[in-house]
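Here is the two-chain note you wanted. Please read it with the structure open.

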Amino acid sequence: MIARMVLNGRPRELDVRPEQTLLEALRDTLGIFDVKEGCGEGVCGVCTVLLDGRPVSSCLVLAPAVRGRAVTTLRGLERDGGLHPLQEAFVRYGAVQCGFCTPGMLLTALAFLEREPRPDRERIRAALEGNLCRCTGYTKIVDAVEAYVRDNGHG
Amino acid sequence: MHPFEYAAPETLPDALALLREHGEDAKVLAGGQSLVPILTYRLAKPRLVVDINALPFGEVTAENGRLRLGALVRHHQLEESETIRRRCPVLADAARLIGNVRVRSLGTVGGSLAHADPAAELPAVMTALDARLTLASAGGQRHVDARDFFTGLLTTALSSEELLVAIDVPAVPAHGWAVEELSRRAGDFAVVAVVALVSVDRQGHVDDARVAFAGVADQPVRARAAEDALRGHEPTTERLGRAATAARAALAPPSDAFVSGEYRRLVAGVLCRRALARAVARALEAR
């Protein structure tokens with residue numbers, strides 16, 4: 001069946017099976033590999049995408065259910081072919097080690113900052129508590145988000 | 001996932017006709033935060049998934065001292081709605097404890113109630129609030145009180161051809177409230193959760209008290225003994241402790257791989273005392 005959606009700002013038509021998840025459709029059908037598969041049950045946050053601006057686990061969304069909606073993956077953050085300032089902050093602060101959790105961290109953080117532009121460190125930690133990282137110990141990720149909030153005139 | 005057919009009806013009659021036709025072979029998809037993992041692990045193999053997200057049940061409305069939640073109201077709406085915060089803040093506090101932010105983006109009130117996980121927050125909150133649920137089928141509508149809706153582990157009064165469409169909650173603006181829970185990690189289901197609602201009259205006596213637990217049995221449990229121990233009395237620390245002890249004494253929680261039933265019972269008593277103290281403090285503030 002055909003699902004029409006807006007993917008990273010562009011209208012797309014996608015041939016999906018009912019039992020396909022959005023994660024599978026993005027990776028297996030469209031080859032969008034900036035969406036990673038982690039636990040496959042909605043716990044780890046690695047497969048986070050934004051659905052109409054809100055973070056969702058793409059492994060817990062049926063592909064046909066996204067018809068008519070806007071899906072944003074990491075590559076949707078690109079600015080003029082370059083990195084988003086939050087991505088640059090992640091680089092600068094060493095918030096990336098293996099990199100597997102990074103797309104989910106970035107999308108979750110940005111969706112949170114849309115609603116709460118000037119959070120303190122505790123609020124940032126709470127906002128990211130649903131995204132697991134097994135390398136960094138989280139400190140540098142929170143550092144990076146904090147620096148981005150400070151340097152990018154949010155609020 | 002096993003293959004299935006997918007339908008996304010745009011009207012309630014169409015949805016109900018599908019449920020009547022397919023009965024046990026159909027599963028209703030709301031937020032999908034419980035159903036999709038169940039499908040992924042092949043714990044259910046429906047022939048048809050009925051996606052109800054196109055139905056107009058996503059509103060929170062307030063009328064005549066009641067709140068009406070459409071079954072498709074998402075957890076994040078409970079967290080963010082001004083109406084909820086003013087008229088029934090316990091719902092906002094409970095919603096914040098549900099799963100993770102992604103679950104709260106999509107998960108729905110109706111879905112949580114219909115799934116009836118015994119450790120979930122909203123079934124216990126609705127039990128404490130004496131909410132009334134509206135169930136629709138092709139044959140018409142009926143109303144079921146929350147206390148009669150939950151019938152066992154993941155089991156409710158819903159028949160296979162019925163759809164939960166709305167939840168009516170009596171607004172309790174004069175009640176102090178609290179939700180306390182213990183979970184093993186952020187985002188996990190609660191080991192034990194407790195919801196407390198308390199109102200205090202002009203003489204400083206407890207007017208109304210409602211306490212409900214999640215995680216202590218195969219369905220939400222109302223702590224009548226604790227409520228009786230409070231009603232009509234001054235809510236002193238000693239009195240709250242006595243009520244919490246009464247609540248604990250009435251429980252016989254199950255053990256699982258992580259936590260013994262005895263530990264659960266102990267935690268239930270501690271959380272109950274804390275929730276009552278906080279609810280009473282808020283009730284006194286609101287007077």
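This is a predicted model: local features need pLDDT of at least 70, side-chain atom pairs count only at pLDDT 80 or more; totals for chains, interfaces and linings use all residues.

1. Every value below is computed from it.

2. Make-up of chain A. Chain A has five helices and five strands. Their order along the sequence is β-β-α-β-β-β-α-α-α-α. The radius of gyration is 15 Å, close to the 15 Å that the globule rule gives for 155 residues, so chain A is as compact as a globular protein of that length. The C-alpha trace spans about 45 × 30 × 25 Å along its principal axes.

3. Burial and contact order in chain A. Of the 155 residues, 47% count as buried. Take the contacts in chain A between residues at least 6 apart in sequence: 60% of these join residues at least 24 apart.

4. Domains of chain A. Chain A is divided into domain 1 (2-75) and domain 2 (85-151). These bounds come from an automatic or database domain assignment. The C-alpha centres of the two domains lie 21 Å apart. Their contact takes 15 residues from domain 1 of chain A and twelve residues from domain 2 of chain A. On the domain 1 side, β3 (48-51) and β4 of chain A each supply at least two residues. The largest share of that side comes from β3(A), with three residues. By class, the domain 1 side divides into eight nonpolar, four polar and three charged residues.

5. Helix α5 of chain A. This helix covers residues 139-151 and has 13 residues. From first C-alpha to last, α5(A) reaches 18 Å, close to the 18 Å expected at 1.5 Å a residue. Which residues of α5(A) are buried? They are A:Ile141, A:Val142, A:Ala144, A:Val145, A:Tyr148 and A:Val149. These residues cover an arc of only 155° around the axis, which puts them on the same side of α5(A). An α-helix has 3.6 residues a turn, so residues three or four places apart point the same way.

6. Surroundings of that helix. The buried residues of α5(A) pack against α2 (85-92), α3 (102-115) and α4 (121-127) of chain A. The face of α5(A) turned away from the buried side carries A:Thr139, A:Arg150 and A:Asp151, which are exposed.

7. The loop at A:Asn8. Where does A:Asn8 sit? A:Asn8 is in the loop between β1 (2-7) and β2 (10-15) of chain A. A:Asn8 has 18 C-beta neighbours inside 10 Å, so this residue counts as partly exposed. The cut-off for buried is 20 or more. Leaving aside neighbours within four places in sequence, A:Asn8 is in contact with A:Thr72, A:Thr73, A:Arg75 and A:Gly76. A:Glu78 is 70 residues away along the chain, yet the C-alpha atoms of A:Asn8 and A:Glu78 are separated by 9.5 Å.

8. Contact between the chains. Here 20 residues of chain A are in contact with 23 residues of chain B. Strand β4 (residues 54-57) of chain A gives the largest share of the chain A side, four residues. The residues of the chain A side divide into nine nonpolar, seven polar and four charged. Strand β4 of chain A was also named in point 4, as a supplier of at least two residues to the domain 1 side that touches domain 2 of chain A.

9. Domains of chain B. Chain B is divided into domain 1 (5-51), domain 2 (60-170) and domain 3 (176-286). The centres of domain 1 and domain 2 of chain B, taken over C-alpha atoms, are separated by 19 Å. In the contact between these two, 14 residues of domain 1 of chain B meet 17 residues of domain 2 of chain B. Helix α1 (residues 12-22) of chain B gives the most to the domain 1 side, with six residues. That side has seven nonpolar, five polar and two charged residues.

10. Helix α1 of chain B. In α1(B), the residues B:Ala15, B:Leu16, B:Leu18 and B:Leu19 are buried. They cover an arc of only 155° around the axis, which puts them on the same side of α1(B). On the other side, B:Pro13 and B:Glu21 are exposed. What covers the buried residues of α1(B) includes β1 (5-7), β2 (26-29), β3 (48-51), β6 (132-137) and β10 (163-170) of chain B. Just after α1(B), B:Gly23 takes a positive phi of about 50°.

Notes
Residues are numbered from 1 along each chain as its sequence is written. Chains are lettered from A and ligands numbered from 1 in the order in which they are written. Two residues are in contact if their C-beta atoms, placed from the backbone, lie within 7 Å. Ala, Val, Leu, Ile, Met, Phe, Trp, Tyr, Cys and Pro count as nonpolar, Asp, Glu, Lys and Arg as charged, and the others, Gly among them, as polar. The radius of gyration is taken over C-alpha atoms; the globule rule is 2.2 Å times the number of residues to the power 0.38. A residue is buried if 20 or more other C-beta atoms lie within 10 Å of its own, exposed if 12 or fewer, and partly exposed in between; C-beta atoms are placed from the backbone. The expected span of a helix is 1.5 Å times one less than its number of residues. The arc is that of the directions from the helix axis to the C-beta atoms.
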